[in-house]
Amino acid sequence: MPSGKVHQNLELSLLPPLLLSLLLLDRALFPKIFHLHHYAIFTLAYLFSVYLLSPDLDQHHCEAKKNWGILQFLWWPYSKIFVHRGVSHHPLLGPWSRLLYLALLLLPPYLLLQQTLHPTPTPITNHLLQLLQLLRQYPSEFLLTLLGLFCPNWLHIALDHWNSQIRKTP
Ligand SMILES: [Zn+2]
């Protein structure tokens with residue numbers, strides 16, 4: 001199985017060609033849809049995913065967990081729930097499982113902050129509606145964030161798959 005460093009190096013080395021592909025796609029298919037901030041959003045989401053949302057967070061000890069520093073304990077339940085290379089390594093369910101898990105982790109501090117700033121309680125549905133409104137307002141930013149988060153995970157899964165195929169061949 002490739003080490004965390006091998007995964008990170010591959011994913012980082014493919015960021016420039018992916019950015020170039022986005023640029024070429026923008027020029028060829030949808031002229032002037034992407035602006036500088038779109039590339040910045042994609043890059044930040046991509047780097048966040050490389051260092052902090054690796055599929056290998058399903059392991060008890062891995063490079064990705066170390067990147068969380070003192071907060072690595074937050075991923076302990078995730079590695080208990082998900083079997084290594086199970087759902088966590090699925091191309092769609094894997095990234096969504098980590099994003100939803102992260103959202104669940106962030107929900108209590110977010111609600112606490114809201115309560116501190118606005119003592120009158122706001123129903124949770126209002127927060128969800130605000131989020132949906134934001135997504136409708138900035139669809140390209142949202143899609144590029146998702147693409148930036150998913151791409152390194154897909155590369156990780158592809159490398160794991162390729163590696164296990166190589167090992168199987170006599
Ligand atoms: Zn893996």
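## Zinc site

H156 and D160 lie 4 residues apart in helix α8 (residues 139-168), which means about one helical turn separates them; helices here are DSSP runs of H or I with at least four residues, numbered from the N terminus. Both belong to the protein donors of the zinc ion, which are D56 (OD), H89 (NE2), H156 (NE2) and D160 (OD), at 2.1 to 2.3 Å. Donors are N, O and S atoms within 2.8 Å of the metal (3.2 Å for Na, K and Ca), and water is not among the atoms, so sites may look incomplete.

Along the chain the donors follow the spacing D-x32-H-x66-H-x3-D. H156 is buried at 1% relative accessibility, and D160 is buried at 2% (buried: under 20% relative accessible area; exposed: over 50%; partly exposed: in between; 1.4 Å probe, protein chains only).

## Model and confidence

This is a predicted model in which local features need pLDDT of at least 70 and side-chain atom pairs count only at pLDDT 80 or more, while totals for chains, interfaces and linings use all residues. Residues are numbered from 1 along each chain as its sequence is written, and side-chain values use heavy atoms, leaving out hydrogens and water.

Mean pLDDT, the predictor's confidence in each residue from 0 to 100, is 89 for the protein.

## Salt bridges

The whole structure holds 3 salt bridges (a side-chain nitrogen of Lys or Arg within 4 Å of a carboxyl oxygen of Asp or Glu). One of them joins D160 and R85 at 3.3 Å, N to O. Because D160 lies in helix α8 and R85 in the loop between α5 (76-81) and α6 (93-117), this pair ties together parts 75 residues apart in sequence. R85 is partly exposed at 33%.

Note on methods: Helix = DSSP H or I, 4+ residues; strand = E, 2+ residues; numbered from the N terminus.
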